[in-house]
Amino acid sequence: MSGKDSKGRGDGRPSGGVGRGGGSGRGVVTAARPTQSRRGTLVAGGAVVLVLAVVIGGVLYQRSRTAPVNDGYGSAQSAAVSVSNGVVRVGATDAPVTLDVYEDFLCPICSQFEGLYGQQVAQALDEGKVAVSYHMLDFLNSRSASKDYSSRAAGAAICVASDGTGSAFPAFHTALFATENQPKEGAGDDLSNDQLATLAGTAGASQSAQACIAAGDRTATAQAASKTGQDALQAAVGQVGTPTVLNGGTQVNINDRGWLTSLT
């Protein structure tokens with residue numbers, strides 16, 4: 001008995017089970033296994049909880065990064081709109097901050113930018129905290145089905161802005177970047193001038209603005225403004241890419257969700 005007992009303790013088995021089981025090796029095993037099993041279950045359960053916490057935390061974090069800022073506000077309603085050399089300026093003339101926004105209506109990242117910050121910018125425009133000069137570029141023309149979509153969309157926006165209806169341009173600008181309206185790069189089709197005119201009408205553009213779009217009256221203006229804008233952007237940041245936001249000639253880090261708040 002003592003020899004078995006000594007051997008039992010020597011091979012690492014718990015000794016308490018031996019005493020209670022009257023020296024039976026079977027007693028040692030049956031006493032130890034449930035404890036190991038419970039520990040294993042607890043460890044496995046803890047791992048599952050940890051994994052779930054990481055997954056859920058990641059999902060919530062990602063949602064917080066992609067959720068529209070100031071969701072529910074909509075587009076600007078009361079900001080003044082003017083056009084100069086194909087650049088559309090929105091906002092009060094005495095706004096303390098004037099941003100230069102470079103974008104292309106075919107650019108998918110520009111669509112994401114508008115989706116994330118468009119409503120926050122809209123409220124800042126209405127409250128007179130900022131003004132925005134929109135430089136509508138067309139360097140993505142070759143990736144559109146018509147090979148001139150960026151120019152025609154920019155020309156359409158100039159038609160609407162030139163009409164002087166304050167709320168129409170911001171609404172049309174938002175509509176052009178909406179995922180249900182924006183053509184995809186390399187897609188087999190895009191919006192015709194008539195379709196752009198209809199979209200502008202839905203945004204509140206006048207009949208004269210819609211006629212301007214349907215006739216393509218401002219497309220050449222948009223092309224010239226794009227050339228000027230690309231040169232200015234190249235000079236400012238060393239490359240042409242959209243969306244790019246400048247504040248007083250300095251590039252703004254729009255990957256920081258608090259970028260606009262920090263400026264206003």
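Student: What makes His173 count as buried?

Tutor: In this predicted model, His173 has a relative accessible area of 3%, and buried means under 20% relative accessible area, with exposed being over 50% and partly exposed in between (1.4 Å probe, protein chains only), so His173 is called buried. Residues are numbered from 1 along each chain as its sequence is written, and side-chain values use heavy atoms, with hydrogens and water left out. Because the model is predicted, local features need pLDDT of at least 70 and side-chain atom pairs count only at pLDDT 80 or more, while totals for chains, interfaces and linings use all residues.

Student: Where is His173 found, and which residues does His173 touch?

Tutor: His173 lies in helix α6 (residues 168-177), where a helix is a DSSP run of H or I with at least four residues, a strand is a run of E with at least two, and both are numbered from the N terminus. Not counting residues up to four places away in sequence, His173 touches Glu103, Phe105, Glu114 and Tyr134, a contact being heavy atoms within 4.5 Å.

Student: How do you know that the side chains of His173 and Glu103 make a polar contact?

Tutor: The distance given for this side-chain pair is 2.7 Å. A polar contact is a pair of N or O atoms within 3.5 Å; within protein, one must be able to donate a hydrogen and the other to accept it, and residues adjacent in sequence count only if both atoms are side-chain atoms. The pair of His173 and Glu103 is therefore listed as a polar contact, at 2.7 Å against a limit of 3.5 Å.

Student: Why are Cys107 and Cys110 called buried?

Tutor: Cys107 has a relative accessibility of 3% and so counts as buried, and Cys110, at 2%, likewise counts as buried.

Student: What makes Cys159 and Cys212 a disulfide?

Tutor: Their sulfur atoms are 2.0 Å apart, and a disulfide is a pair of cysteine sulfur atoms within 2.5 Å, so the pair of Cys159 and Cys212 qualifies. The link joins distant parts of the chain, with Cys159 in helix α5 (residues 149-162) and Cys212 in helix α8 (residues 207-215), 53 residues apart. The link of Cys159 and Cys212 is left-handed, with -65° about the S-S bond, and both cysteines are buried.

Student: How many disulfides, helices and strands are there in the chain?

Tutor: The count comes to 1 disulfide, and the chain has 10 helices and 6 strands.
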